[in-house]
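Colleague: I'd like to learn how to read a structure like this one. Could you walk me through it?

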Amino acid sequence: MADDVVLAERDGAVAVARLNRPDARNALSADLMERLTGLVEEWDADGEVRCIVIAGGDEYFAAGADIKAMRDRSFQEAMTTPTAGYWPRLWSCNTPMIAAVSGYALGGGCELALLCDMIVASETAEFGQPEIRLGIIPGAGGTQRLARVLGKQRAMELVITGRRMGAAEAHAAGIVNRVTGADDWLEQALDLAGVVARRPPIAVRLAKQAVKAADETALSAGLDHERRLYELAMATEDRIEGMSAFIDKRQPDFRGR
Ligand code: CAA
């Protein structure tokens, strides 16, 4: 497996995975997904890493699954391909993940961005699920996550027609947190990651778990779940520090305990 299909970088408590298959517009080959998933799991287990940024290049975040590898795949192979297993592993990461998107985020690339907790997008970003043009449908969460954010009607149009959405439309639709200039998308994603990294890490993980549960549970069960997670946060040393710092009018020193 080639390590350089995803470049690993560190900026203090922020870890950055740079997708790096420029000749294939960062298509998500099995090698790339294995390396990306391995890095995310390694960082998720590393107490020093407090936020993960997944980024592509200026012109493309990722052009989706590797169509060249898929074309000759039989139905039986599609049923057993290991690539299906990478998505739930990425989804189970407890550390916040930010997608830094510039250029195309198509098919699996759009699904990878949607799997992240926040998206910072350059004004050049284009999101879309073009699978229908290939005779297939999204297979890594696109139909489900778009429908949850956009509502059924708007998701249906994107999935059935393959139309792309620009950054402004994606922002207005609630998919993108911030739209940046064409030159500072990564810098702004790192700034946002830096803010997350300064927050108390246990509470951040609990908050991520609580917000994710909103999509998956009924309201009363979700409220109950949130209350238990809140009680866990009350058991941390960091919350004593946070509250003491507020009362003492000083900056908190969170230790992740
Ligand atoms: N898989 C494999 N190779 C890809 C690729 C992909 N998804 N996207 C681009 N490439 C390759 C091209 O085949 C080409 O290779 P060659 O030089 O060997 O010919 C190279 O990257 C450059 O591509 P283009 O010439 O097309 O580059 P462009 O800048 O003109 O266009 C693009 C960029 C709009 C992203 C265009 O390449 C494109 O439409 N790509 C396919 C997008 C797509 O259909 N994605 C969905 C994939 S299926 C999926 O993702 C399923 C799922 O749910 C997981």
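Colleague: Which domains does the protein have?

Modeller: Domain bounds come from an automatic or database domain assignment. Here that assignment gives domain 1 (2–197) and domain 2 (201–248). Their C-alpha centres lie 27 Å apart. By the way, this is a predicted model, where local features need pLDDT of at least 70 and side-chain atom pairs count only at pLDDT 80 or more, while totals for chains, interfaces and linings use all residues. Residues are numbered from 1 along each chain as its sequence is written, and side-chain values use heavy atoms, leaving out hydrogens and water.

Colleague: How much area do domain 1 and domain 2 bury between them?

Modeller: The size of an interface is often given as the accessible area lost when the parts come together. Buried area is that loss, found with a 1.4 Å probe and summed over both parts. In this case it's about 860 Å², with 46% of it on carbon and sulfur atoms. On the domain 1 side, Trp91, Asn94 and Arg148 lose the most area to domain 2, together 51% of what that side buries.

Colleague: How many salt bridges are there between domain 1 and domain 2?

Modeller: Look for a side-chain nitrogen of Lys or Arg within 4 Å of a carboxyl oxygen of Asp or Glu. The two domains share two salt bridges.

Conventions. Buried area is the accessible area (1.4 Å probe) that two parts lose on being put together, summed over both.
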